[in-house]
Protein chains: 2
Amino acid sequence: MGRLRAILGYPNRVPSPAHGEHDVPDGTAVIAAPIVSPDDAPRLSAAEHARTLVAAGRTASLATLADDGAPWASLVAYGALDDGRPVVFVSRLAEHARNLERDPRASLVVTEAPSGDDALAAGRVTLAGVAERPDGALAGTALERYLAAVPTARVYAEFRDFSLWVLRVERVRWVGGYGRMASAGGGAYAAAAPDVVGPAAPGAIAHLNADHADALLAMARTLGGHPDATTAACHAIDRLGLDLFVSTPRGSAFTRLAFARPVTDPGGLRAATVELARRARG
Amino acid sequence: MGRLRAILGYPNRVPSPAHGEHDVPDGTAVIAAPIVSPDDAPRLSAAEHARTLVAAGRTASLATLADDGAPWASLVAYGALDDGRPVVFVSRLAEHARNLERDPRASLVVTEAPSGDDALAAGRVTLAGVAERPDGALAGTALERYLAAVPTARVYAEFRDFSLWVLRVERVRWVGGYGRMASAGGGAYAAAAPDVVGPAAPGAIAHLNADHADALLAMARTLGGHPDATTAACHAIDRLGLDLFVSTPRGSAFTRLAFARPVTDPGGLRAATVELARRARG
């Protein structure tokens with residue numbers, strides 16, 4: 001029940017306080033509020049989260065429009081240009097390619113691999129915009145990026161029924177799991193960079209949870225606003241800090257801790273976490 | 001290269017021979033044809049494959065229509081009714097729910113977990129139709145099925161911004177990986193049953209490949225039409241038979257082998273495979 005009571009949001013400084021917006025019957029209490037209010041901890045922007053998820057993934061679901069204007073969902077593999085625009089390579093034998101030729105409006109959702117058994121706790125991002133056929137040098141770059149992500153496509157790269165499409169991103173909606181979500185425009189998405197520690201994050205989270213539960217618990221108690229925490233697990237980590245899932249006798253909660261300074265390369269993640277643990281132990 | 005040359009289709013008895021339909025430049029040879037033509041091996045129907053994938057999954061990507069009629073892709077969890085209709089439970093705080101209220105046309109794509117590093121080799125199914133708000137007893141059953149698939153939703157089942165939707169399935173498109181694909185209507189989808197050995201398939205495939213490579217090779221050589229096979233791996237298994245990925249000096253290929261009779265319960269899978277191996281060894 002502890003987990004159930006906390007899944008709906010980060011009680012402290014959540015960018016979009018989901019629990020507050022849900023239409024909840026009176027008397028429903030789901031989250032343990034922090035006893036000591038921790039300092040404001042900076043977070044990645046929605047655009048940065050989106051770029052990080054797109055950089056980490058290789059498959060997405062594509063939404064296109066069927067001939068009667070109805071939506072059509074399908075699986076695609078994708079590569080990405082430097083500004084985060086996704087590249088897909090699809091055969092006219094498949095309905096989604098014929099749909100794009102008829103109406104190029106499209107949307108992609110990229111989902112991170114779920115770390116636990118609750119699939120809706122996984123981060124995901126929806127990109128919506130217009131698919132465009134790249135010309136000239138852009139076509140070469142787009143194909144190269146697609147083949148880097150999907151090497152097996154090399155064998156059919158010459159097939160004439162396949163065509164490249166680049167999604168011009170107009171709208172971005174990021175959902176970081178329960179209660180963490182935010183939107184961004186195409187300009188912010190293109191201008192943002194994937195989190196530099198993104199590729200190292202899954203390994204770091206697994207390592208912290210397997211070998212450093214005591215340090216995480218100390219962080220939750222002294223820096224995370226939950227002095228009565230009984231367990232703490234790392235839920236997410238990025239260049240600015242980490243998110244802990246904390247259990248207390250009052251219920252469970254997420255809390256966010258900032259690194260002393262942003263991590264600027266993946267190799268710096270370890271030192272930043274060690275510093276946080278040292279600070280937590282006073 | 002062996003794998004690359006074979007990914008485009010099953011050379012023997014492929015329901016929709018992808019290689020033949022692709023617009024391939026002259027001189028491109030990608031698949032090793034069988035030397036000895038094996039007997040026709042029965043396959044699951046597209047509707048059965050679709051029902052099996054939907055029964056195995058818990059998350060899907062949903063395509064809906066934004067207010068300007070553009071497509072919008074998002075992640076959902078789902079349960080399923082006995083006739084395979086998916087049930088989703090979404091908050092009006094999320095764009096997909098507002099989209100369904102405005103225009104209930106919707107499509108879901110369910111993707112199986114990729115077993116190798118080629119994501120496009122994974123099976124997937126697109127369902128398209130109209131989302132409906134269930135009434136009366138159906139609403140109770142629908143919620144029950146959703147909560148069975150997504151137990152954590154119990155905590156917000158009472159939130160008034162959430163609503164249940166059941167997808168009335170009108171069109172089904174199944175893609176079994178490269179070169180294996182077929183369509184079905186809503187009636188065939190509802191009438192089909194999930195493959196009875198579906199839940200046991202991933203474990204059986206892993207076991208065969210880890211411990212019985214010699215038996216698989218014998219099957220490929222004597223029953224699969226590739227007497228010069230050098231390696232064979234189980235790619236898929238279902239109640240009617242199994243699919244092997246075969247390497248030969250001529251290139252690589254998929255081949256299909258039928259069980260002596262359809263397997264009628266998961267416990268029968270082992271005996272059917274043992275019988276096939278015995279037959280392969282003469």
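Q: At what angle do helix α8 and helix α9 of chain A pack?
A: This is a predicted model, where local features need pLDDT of at least 70 and side-chain atom pairs pLDDT 80 or more, while totals for chains, interfaces and linings use all residues. Residues are numbered from 1 along each chain as its sequence is written, with chains lettered from A and ligands numbered from 1 in the order in which they are written. Helices (H or I, at least four residues) and strands (E, at least two) are DSSP runs, numbered from the N terminus; axes are lines fitted to C-alpha atoms, for helices over the stretch in contact, and angles run from 0 to 180 degrees between N-to-C directions. The axes of α8 (residues 213–222) and α9 (residues 269–280) of chain A lie 8 Å apart, at an angle of about 60°.

Q: How are α8(A) and α9(A) set to each other?
A: Angles under 35 degrees count as roughly parallel, over 145 as roughly antiparallel, 65 to 115 as roughly perpendicular and the rest as oblique. The angle here is about 60°. The two helices α8(A) and α9(A) are therefore oblique.

Q: Which residues of α9(A) make the contact with α8(A)?
A: Residues are in contact if their C-beta atoms, placed from the backbone, lie within 7 Å. From α8(A) come A:A215, A:A218, A:M219 and A:T222. From α9(A) come A:L276, A:A277 and A:A280.

Q: Which strands of chain A does α8(A) touch in the sheet?
A: The open sheet runs in the order β9-β10-β11 (chain A), with antiparallel pairing; strands pair if DSSP finds at least two bridges between them. The direction of α8(A) makes about 90° with that of β9(A). The helix touches β9, β10 and β11.

Q: Over how many bridges do β10 and β11 of chain B pair?
A: Chain B has an open sheet of three strands in the order β9-β10-β11. Here β9 (231–238) and β11 (251–258) stand at the edges, each with a single partner strand, so one side of each is left without a neighbour in the sheet. B:L244 stands opposite B:T255 in β11(B). Strand β10 (residues 241–248) and β11(B) pair in the antiparallel sense, and the bridges number eight.

Q: How many residues of helix α3 of chain A are buried?
A: A residue is buried if 20 or more other C-beta atoms lie within 10 Å of its own, exposed if 12 or fewer, and partly exposed in between. Those buried in α3(A) include A:H49, A:R51 and A:L53. Of the 11 residues in α3 (residues 46–56), the buried ones number nine.

How values were computed
Contact = placed C-beta atoms within 7 Å.
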